[in-house]
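Trainee: I am new to this one. Please show me the structure, and then let us go through it in questions and answers.

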Amino acid sequence: GECEDIVQEEWGCGLRSRNDKRDDNKLHQRRDDCETPFNKVLHQVRHPLRTIESLVAKFCIGGVEGKVQPSFLIFANALFPQHNFSEMSCIEAAGYYVDEYNSAIVRAREVGIDDQFQVEEATPCQIAKAAGFMDSDSVYSPSRDRVLKVCNSESSNSAANQLMKSTENRYNKGLVSLHWEDLLGGKKGSRKKAGDDDLQKRIKRLTRNLGYDAT
């Protein structure tokens with residue numbers, strides 16, 4: 001489907017080109033063939049429970065125990081056909097999607113991800129440095145100079161050196177708040193056996209892999 005094609009052409013393209021170390025010329029050629037080639041690839045992460053909350057708020061029809069929007073089911077089933085998202089509760093559909101998507105990127109770190117950052121703890125300048133915007137050999141000089149000026153130590157109080165705060169697209173404004181026990185089977189519309197902890201274990205493992213506390 002279209003979603004699978006996008007993953008293969010965009011994300012898959014970058015990973016394949018970085019993993020092909022047999023021929024440097026071929027590596028550069030394949031990287032240039034990507035729809036959106038980048039010199040560095042960063043993985044922006046957010047606490048998985050907060051991400052699940054946002055998805056539930058956006059894609060659940062009728063609240064936490066409601067039905068999942070058809071558009072989300074089409075997208076999730078296309079990307080991860082090993083699951084039948086149509087049979088899941090809204091929390092489960094969001095949870096398994098978050099786990100599969102982020103776990104795939106975590107597994108790809110060795111071949112295609114240069115670094116990751118927690119969006120809750122990162123400043124724009126930290127991200128710019130990780131992305132190579134302060135490197136003289138990979139960035140247009142005037143652009144690099146501008147970044148260095150904004151991010152120098154004398155500008156420590158500037159917005160570029162402060163933790164980022166979302167001011168737009170904040171759909172989940174107190175609508176959904178989840179806890180670990182909400183991921184257990186039999187809760188919040190789940191048709192799984194009461195106490196089934198497969199999803200909870202997966203999200204806790206993912207949370208630790210992304211550098212967060214999972215207690």
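Trainee: In which helix is the place of Phe72?
Mentor: Residues are numbered from 1 along each chain as its sequence is written. This is a predicted model, where local features need pLDDT of at least 70, side-chain atom pairs count only at pLDDT 80 or more, and totals for chains, interfaces and linings use all residues, while side-chain values use heavy atoms, with hydrogens and water left out. Helices are DSSP runs of H or I with at least four residues, strands are runs of E with at least two, and both are numbered from the N terminus. Phe72 has its place in helix 4.

Trainee: Is Phe72 buried or exposed?
Mentor: Buried means under 20% relative accessible area, exposed over 50%, and partly exposed in between, with a 1.4 Å probe and protein chains only. Phe72 has 6% relative accessibility, so Phe72 counts as buried.

Trainee: Which residues does Phe72 touch, not counting residues up to four places away in sequence?
Mentor: Contact means heavy atoms within 4.5 Å. With that cut-off, and leaving out residues up to four places away in sequence, Phe72 touches Leu55, Phe59, Ala93, Ala94 and Tyr97.

Trainee: How many nonpolar residues has the contact of helix 4 with helix 5?
Mentor: Helix 4 and helix 5 meet through Phe72, Phe75, Ala76 and Leu79 of helix 4 and Ala93, Ala94 and Tyr97 of helix 5. Ala, Val, Leu, Ile, Met, Phe, Trp, Tyr, Cys and Pro count as nonpolar, Asp, Glu, Lys and Arg as charged, and the others, Gly among them, as polar. In the contact of helix 4 with helix 5, no residue is polar and no residue is charged. The nonpolar residues number seven.

Trainee: What angle do helix 5 and helix 9 make?
Mentor: Helix 5 and helix 9 have their axes 10 Å apart. Residues in the contact include Glu92 and Tyr96 in helix 5 and Asp198 and Arg202 in helix 9. The angle between helix 5 and helix 9 is about 35°.

Trainee: How many charged residues are in the contact of helix 5 with helix 9?
Mentor: The contact of helix 5 with helix 9 has six nonpolar residues and three polar ones. The charged residues number five.

Trainee: Which residues does Lys192 touch, not counting residues up to four places away in sequence?
Mentor: Lys192 has its place in the loop between helix 8 and helix 9. Lys192 is partly exposed because its relative accessible area is 29%. Lys192 and Glu92 are 100 residues apart in sequence, and their C-alpha atoms are 9.8 Å apart in space. Not counting residues up to four places away in sequence, Lys192 touches Glu92, Tyr96, Gly185, Gly186 and Asp198.

Trainee: What is the phi of Lys188?
Mentor: Most residues other than glycine have a negative phi. Lys188 is in the loop between helix 8 (141-151) and helix 9. Lys188 is not a glycine, yet its phi is positive, at about 50°.

Trainee: How far apart in space are Ile105 and His43, C-alpha to C-alpha?
Mentor: Ile105 is found in helix 5. Ile105 has 9% relative accessibility, so Ile105 counts as buried. Ile105 and His43 are 62 residues apart in sequence. In space, C-alpha to C-alpha, the separation of Ile105 and His43 is 7.7 Å.

Trainee: Against which elements do the buried residues of helix 3 pack?
Mentor: Helix 3 covers residues 48-59. Its buried residues include Leu49, Ile52 and Leu55. The buried residues of helix 3 pack against strand 2 (60-61), helix 4, helix 5 and helix 9 (198-209).

Technical notes. Expected span 1.5 Å × (residues − 1). Axes fitted to C-alpha atoms, helices over the stretch in contact; angles between N-to-C directions.
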